[in-house]
Amino acid sequence: MAFLVHLSDLHVGAINFREDYLLSAINKSNKLNPDLVIVTGDITENGYHLEFEKAAEYLDLIESPMLVVPGNHDSRHIGNESFEQLIRKRCRTLTVKNDEIKIIGLDSSEPDLDYGKVGRAQQKRMEEELKKAESDNLYKIIALHHHLIPVPKTGRERNVLTDAGDILKSIIDKNVDLVLSGHKHVPHVWQLEQTSIVTAGTVSSMKLRGKDICSFNTIDIQPESVEIMLNQADGNSRILAKYENKCKVID
Ligand SMILES: [Fe+2]
Ligand SMILES: [Fe+2]
């Protein structure tokens, strides 16, 4: 089995950033001792260097292996350069759990723009990595900030990846097991063919819809099933999705 924690949209530096929620989530994550923590972007509010320094301090509190990808807020005010200097070493393709799981991080951010794009160069790299992972019989995960498919109850769709169709085709063709995203601050799970497309809520920003509560996801991958839990800042948790594990490499 493998156990993952999925955090997103920290928004360090925002006026409505909740440090207590973030520290509580990190504390819970450390206690759960996951095989990997995946952070899907918007770690800062404005992309300012000082915000990245603070965000890096928080991320350093995470004791598990970690993968971080940038969000649109991280690429504001040449934040992409600060991300490069302070965070990039955490954004990479890696394998965990005795090389049974491969996680590919993608940068879908564009400087000073809110919409997302993966682009052809990254798509090519992703396809090559996925091809290799398929031949090595690995469980395959893609992590990127922007959502591939619109998320319910998030209003008029403006920020889905501009090349979503192309990326989705590659992901479905290559039998990716999980796609992890953030951005909309609304947790949701779509299942398409063999792929689960999972968005996390915001872990520590009060930019929320209605009575939504800050949260993070945990993903328990067992040989027969996969269970995705929503863990709210008020201490409540519930199952977001539970389904048969069609990838038989995890034991
Ligand atoms: Fe966000
Ligand atoms: Fe975002």
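Modeller: Five bridges link strand β1 (residues 2-7) to β10, and the two run antiparallel. This is a predicted model: local features need pLDDT of at least 70, side-chain atom pairs count only at pLDDT 80 or more, and totals for chains, interfaces and linings use all residues. Residues are numbered from 1 along each chain as its sequence is written, while chains are lettered from A and ligands numbered from 1 in the order in which they are written.

Biologist: What holds strands of a sheet together?

Modeller: Strands pair through backbone hydrogen bonds, either parallel or antiparallel. Pairing here takes at least two DSSP bridges between two strands. Strands are DSSP runs (E, at least two residues) and helices likewise (H or I, at least four), numbered from the N terminus.

Biologist: Which strand forms a hairpin with β10?

Modeller: β11, with three residues between them. β10 and β11 (residues 225-232) pair antiparallel over seven bridges. Ile-219 stands opposite Ile-228 in β11.

Biologist: What is the strand order of the open sheet?

Modeller: β3-β2-β1-β10-β11-β12, six strands with mixed pairing. β3 (66-69) and β12 (237-244) are the edges, each pairing on one side only. Seven bridges join β12 to β11, antiparallel. Asn-231 stands opposite Ser-237 in β12.

Biologist: Why is β10 largely enclosed?

Modeller: Count neighbours. A residue is buried if 20 or more other C-beta atoms lie within 10 Å of its own, exposed if 12 or fewer, and partly exposed in between; C-beta atoms are placed from the backbone. Five of the seven residues of β10 (residues 215-221) are buried, so the rest of the structure largely encloses this strand.
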